[in-house]
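I opened this entry to keep track of what I looked up, first where the two chains meet and then inside one of them.

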Amino acid sequence: MKAKIHVTLKQGILDPQGKAIEHALDSLGFKNAANVRVGKYMEVDVNETDSAKADAQVKQMCEKLLANTVIEEYRYELQ
Amino acid sequence: MNIGVVVFPGSNCDHDCEYIFKDVLGQSVKMIWHKDTLPAGLDAVVLPGGFSYGDYLRTGAIARFSPVMGAVKTFARDGGLVIGICNGFQILLEAGLLPGVMLRNTSLNFICKDVYVKVENAATRFTNRCESGQVLKIPIAHADGNYYTDPVTLGGIKANAQVIFRYCTAEGKITPEANPNGSLDNIAGIMNADGNVLGMMPHPERSAETLLGNEDGRLIFLSMLSAFGKSEQPSRLVGV
């Protein structure tokens, strides 16, 4: 199965990259663009046919390595 | 004193640390490849600066799973002295040996310059040769040194006097202008509750001998020696 994983900063955590992009969008004329948040997107092939097992594994991957849950949150979909 | 300097793929301050302990202070140093374990008989372990694993994913996030880190954790749990400098600090945070995380500098810039830090706690095994409130000039060199933790943890480490260094002006004032990276509460270095693990963003090994024009960082290493009842040995460089 393929896991598509998004890791983003939690709300309330300052995102300097997001702020810089927001300013750039503003100077490009996109005056209505706000709250830009930069995150990471990862794809992982999991050699597992049981979706419950794959789900549990991907959750562990996120908790142990892919996200630092002090500042980041994650969500994923399995296909 | 027996020092182990851990070498990760991408470490680049490892030999500076070896040089300070061995050549400047006359101690015994072993370089430890990250796939090895710690040799017996070490008094202190250094996690040096650099860009372990290219800073992929997050700074320190992958180094923390290097085989040697299991031994470093055990060493720390058994009371061994561990100092993490810059990337080493980031690895200690990711490994959970120190609380908190590093965010990108608010300026988004890689900042490489001398900064001033105030010694907030001089009664530690890393700062006993400093005076409380002393201002040290030590260089930083990082893009991710913006320390962050939740308010409860921050309250805890402040109450326990675990905040060891804070960015300040040359006169020792803690101001927003003296904060180079946006770090919470101007924090530049923290210690664990047991007092044997220190993480700091400034590089004391880059400011530890007269030849380099600044010796302030030497106090950190001398403090570690003092904690073991050792003093610096005559350097082989004396008289050069």
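**Ground rules.** I am working from a predicted model, in which local features need pLDDT of at least 70 and side-chain atom pairs count only at pLDDT 80 or more, while totals for chains, interfaces and linings use all residues. Residues are numbered from 1 along each chain as its sequence is written, chains are lettered from A and ligands numbered from 1 in the order in which they are written, and side-chain values use heavy atoms, with hydrogens and water left out.

**Interface.** I looked up the contacts (heavy atoms within 4.5 Å) and found 16 residues of chain A against 13 residues of chain B. The buried area, meaning the accessible area (1.4 Å probe) that two parts lose on being put together, summed over both, is about 1200 Å², and carbon and sulfur atoms give 71% of it. Pro16(A), Leu65(A) and Asn68(A) supply 36% of what chain A buries against chain B, more than any other three residues.

I then searched for salt bridges (a side-chain nitrogen of Lys or Arg within 4 Å of a carboxyl oxygen of Asp or Glu), and the rule finds one across this interface. Arg58(B) and Glu72(A) form a salt bridge through their side chains, at 3.6 Å from N to O. Which elements of chain A supply at least two residues each to the side that touches chain B? They are helix 1 (16–27), strand 2 (39–45) and helix 2 (51–66), where helices (H or I, at least four residues) and strands (E, at least two) are DSSP runs, numbered from the N terminus.

**Sheet of chain B.** Nine strands form an open, mixed sheet in the order 2-1-3-4-11-10-9-6-7, with pairing taken to require at least two DSSP bridges between two strands. Strand 2 (28–33) and strand 7 (135–142) of chain B are the edges, each pairing on one side only. Strand 3 (residues 44–47) and strand 4 (residues 81–85) of chain B run parallel and are joined by four bridges; Leu47(B) stands opposite Gly84(B) of strand 4.

**Helices of chain B.** Helix 5 (residues 218–227) lies across several strands, including strand 3 and strand 4 of chain B, and runs at about 170° to strand 4; axes are lines fitted to C-alpha atoms, for helices over the stretch in contact, and angles run from 0 to 180 degrees between N-to-C directions. Ala161(B), which follows helix 4 of chain B, has a positive phi near 60°.
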